Amino acid sequence: MPITLGIAAALSLTACGTGAQNVGAVQISDSSPASRKTDAAGKTGRDEPDAISFKPDGPVALTGRVIGEETLKGADFQLSADPDPETVGELKPGDTVSQLPFPDAEFETRKNEFAVKLDIDDITDPDYINDRNIVTLSLTIRIPGKNGSDKFAYTGASVEYTGSNPGVIPWSDTRTTPGHGGEKIQPDDEVRPEFIEVTLQAPSPKNLIPRTSSPRVASAAAETPPHCSMKTFIRSADVWSNIGETYPVGDGKGGMTFTSEASAKYEGAVSFGGWSASKAVEIKSGIEGVWEPVGWPRKYLVEIRYKKYQCVYQSKDQAAVWTVWEPSGHTGGSDHVGGDEYDDYKDRVQRPDWVGMNEEDHCTKSTVDAWNRDNSAGGSESLGWEGKLTAGAKNQLEIGIELGVSREWSTSSKITYNMTKDVDRLCGMDEKPGFASKIAQYAKVAPSGTCLNVEIPEAKQVEPKAPPEQQFNEYAKKTPDGWTGGDSTYSVRLPDGRLLYIFSDTFLGPLNKDGTRPVSAPFVNNSFVIQDGTDLKTVTGGTKENPRSLMTDLDNDPTRWYWLGDGMISDVQLEGELRPTKRLQIIFHQWHRYDPDDLWGFRLEKTIVATFDLNDLTRPAHVKDIPSSPVVPRLSPTQWGAAIVPASESGDGYTYVYGIEDAPTNKRMRVARIKGTDLNKDYKWEFLNDGRKAWLGKESLGTTNLTGVANEFSVTKWGNSFVLVSQDSTEAFSQRVRLWASCNPYTGFRNNPGRDVVYMMPEVGLWGSYGDGNIFAYNAHVHRDLSSGSRWTLSYNVNSFDATVGEDGAHYRDPSIYKPRFVSFALVPSTQGVSAEVQDLIPKDSSPGVDSPCTTACRGVPQLSGR
């Protein structure tokens, strides 16, 4: 047996090691065979994984390359085998474990590459090779240095004996074999030798003991075998390791199987001049890990027991005390990261950037409902999955480095993607999915060229002061405590037929008898107004005596506030509920005033979805971050919620959410979509990459696809087309409200030059209806619930740059300024030819800062927000 109970008699590690002759080491010189480049792997169409450049003779068990060395002349190699982890059992501190040395092993080198040869007959003890013909080899490399400054590497790997079938290499990388259990591997099976790359290190002085330092050391060294062949157990630690990952999008789902017959290779670690990765040990699963497919990204985990040993390596003049961590087996624990359906986006696994990057070479369409990646998935076993132990492992083992894990693809170790019609494509990280090491799901976008014949309308019979403008004006004059002015002005039809208007910054009543606004007028950052027939009712948070915003900073930080975007009625199922319930969902933006002395010294911090119960609109029942990238200081993040097209209108079962990359001019549109209607399902968000023509599951992978829209706009179904209405942002503070059209709600929007202007907002500037250079208008959009047939209604907001808080301030002197205007118009087919090109007027790599005037938002009443 390879285990000896008790402290090793020949060596006390507390004495810091010994020195002895290098018994069993083989000194070699460069071999003479000519260098040969390996051929490309036939059926995979990709280069072979790293391999040595020469073809050695004999039973090659390991191959590798020493990084940073030009030659291995004069190097000492020592080879041994570790006992099968299943035979070791439990250990107590001080117990020792023996390795099986191979003093007659042969080594062949060329330049900095090496090949290790081992005859199966040299394995004389069955405890060192398991029933799957796998043996774990330990390899020590020493290159002598001047004045005793030797450099070492301690490495190795688990390799599989192939059965000595003619035409098949005798030893192979366990990840390339089509099965385990003793069956012979055939010549057409794609197997390769184990290849490792190593870096030599010089032991730290505290690890070195001169051989002549004391008679006791010399005496112990004479009795101790070389090459750490006797390891003394210190302690064990259980750590979690990744063994796979799935990245579904839309209605797709991903799962994994890792049964008791599966196995993986886990790296160990060694310290003799600082910690570094060492040999990779094959460990059989022994657990039944089955993760049913779900719709959000996950990483799959198993728990691995590592054992810590100390041993002594002896060279001619000195002995080095080494510490090693080696994987010994699965504990039986299994888990995953990525949260569950109701967890916050911050707990999600981030999707990879390579999805859809190289569609021609790395992506394919799946024709099956459930796609499996195993060794029979139409691909090759020559490329296994590779990952890392979890981030906490390096702290638990106290090594400060990450250790790798890899596994083969097999029927007992596979991933599964449940495909759907809209997300029926897969991408591999480094190959087609059937050959790839990692696979992710994505959705293809119909080419925008399919919209070239779309009918683009124009506006006729335009009528300002359309309903409900007068109704709001009269309400503002009479209300004792309700709405007297606000902006954003979105609207949502409630299930009971009432119409809900949603506003950002809002002044509340009453107004003075002369129609002016008192300086003491209450002010909130967001509010609702419900229209029920001819009646209007204001909804805010707080109390009648002390009204507050509906959505406020949870920490009551006065420098942070929320403005809102578009909203909709959604089918929402909150955690613990048995079925979905119709609720109001609105996208809110949290802003932060970072400079109290600068009128425009505020920036967007994050975007959230607020869900309201319809029987209590005074406060949200649930709040959740959208799956957006962290805000980078001084860059303008995407403002999601500029517009929403509900699934009931899109026609394809998706809800479309539009965002803006902000700038003083030439603002740019982004598009996301969610299957169904619940915006809380962050794992269902997909982001349009117009260049790759793909829906991808990560905001940073999305792109802009239209330039010239404003911070708020609308996309509305018109016959078989979708019409986008927005203020023109190709020039600052433009009076123009324009329209674009496409055959779908996400890309290919085009306009009709000369006939794309819906309305010229007359209030703007010194020559406008107010005769005031501070007046500007902004954020026009259509209200689908105020429109009928070809007769549509839009609103826009009017504001003033006059920031004075006082009787002479614009918002107090004339409350009519800060109110929405409503315009009615007829939408008819254009009689003129249309633009053949999508409008995109500035380079996509332009990244506006947040400090330019009106870059963050020319809206609201900034002198009152965040102060």
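A residue is called exposed when its relative accessible area is over 50%. Gln-461 has 58% relative accessibility and therefore counts as exposed. This structure is a predicted model. Gln-461 sits in strand β28, and its phi is near 50 degrees, a positive value in a residue that is not glycine.

Lys-465 also has a positive phi, of about 55 degrees, although it is not a glycine. Lys-465 belongs to the loop between β28 and α5. With a relative accessible area of 69%, Lys-465 is exposed. Most residues other than glycine have a negative phi, and most peptide bonds are trans.

## Cis peptide bonds

Pro-467 and Pro-468 are joined by a cis peptide bond with omega of about 10 degrees. Pro-468 is in the loop that runs between β28 (457–464) and α5 (469–478).

A cis bond also leads from Gly-509 to Pro-510, where omega is near 5 degrees. Pro-510 is placed in the loop between β32 and β33.

## The sheet β29-β32-β33

Strands of a sheet pair through backbone hydrogen bonds, either parallel or antiparallel. The order β29-β32-β33 describes an open sheet of 3 strands with antiparallel pairing. Its edge strands, each pairing on one side only, are β29 (483–486) and β33 (523–524).

Between β29 and β32 (residues 506–508) there are 3 bridges in the antiparallel sense. Gly-485 is opposite Phe-507 of β32.

## The sheet β48 to β51

Another open sheet has 4 strands in the order β48-β49-β50-β51, and the pairing is antiparallel. At its edges are β48 (713–718) and β51 (757–760), each of which pairs on one side only. On average, neighbouring strands of this sheet are turned by 20 degrees against each other, direction ignored.

Strand β50 (residues 736–742) runs antiparallel to β51 and is joined to β51 by 3 bridges. Arg-736 stands opposite Met-760 in β51.

## The β7-β8 hairpin

Strands β7 (residues 106–110) and β8 (residues 113–117) run antiparallel and are joined by 5 bridges. Thr-109 faces Phe-114 in β8 as its opposite residue. The two strands form a hairpin with 2 residues between them, and Lys-111 in the turn has a positive phi of about 55 degrees.

## Nonpolar cores

The largest nonpolar core has 44 residues, of which Phe-258, Tyr-266 and Tyr-306 touch the most other members. Strand β19 (residues 298–314) contributes the largest share of this core, 4 residues. A second, separate core holds 31 residues, including Leu-100, Phe-107, Ile-123 and Trp-171.

Definitions and conventions
Residues numbered from 1 in each chain as written. Predicted model: local features only at pLDDT ≥ 70, side-chain atom pairs only at ≥ 80, totals over all residues. Heavy atoms only, no water. Pairing = 2+ DSSP bridges. Core = buried A, V, L, I, M, F, W, Y, C linked by side-chain atoms within 4.5 Å. Buried < 20%, exposed > 50% of the residue type's maximum accessible area, 1.4 Å probe, protein only. Axes fitted to C-alpha atoms, helices over the stretch in contact; angles between N-to-C directions.
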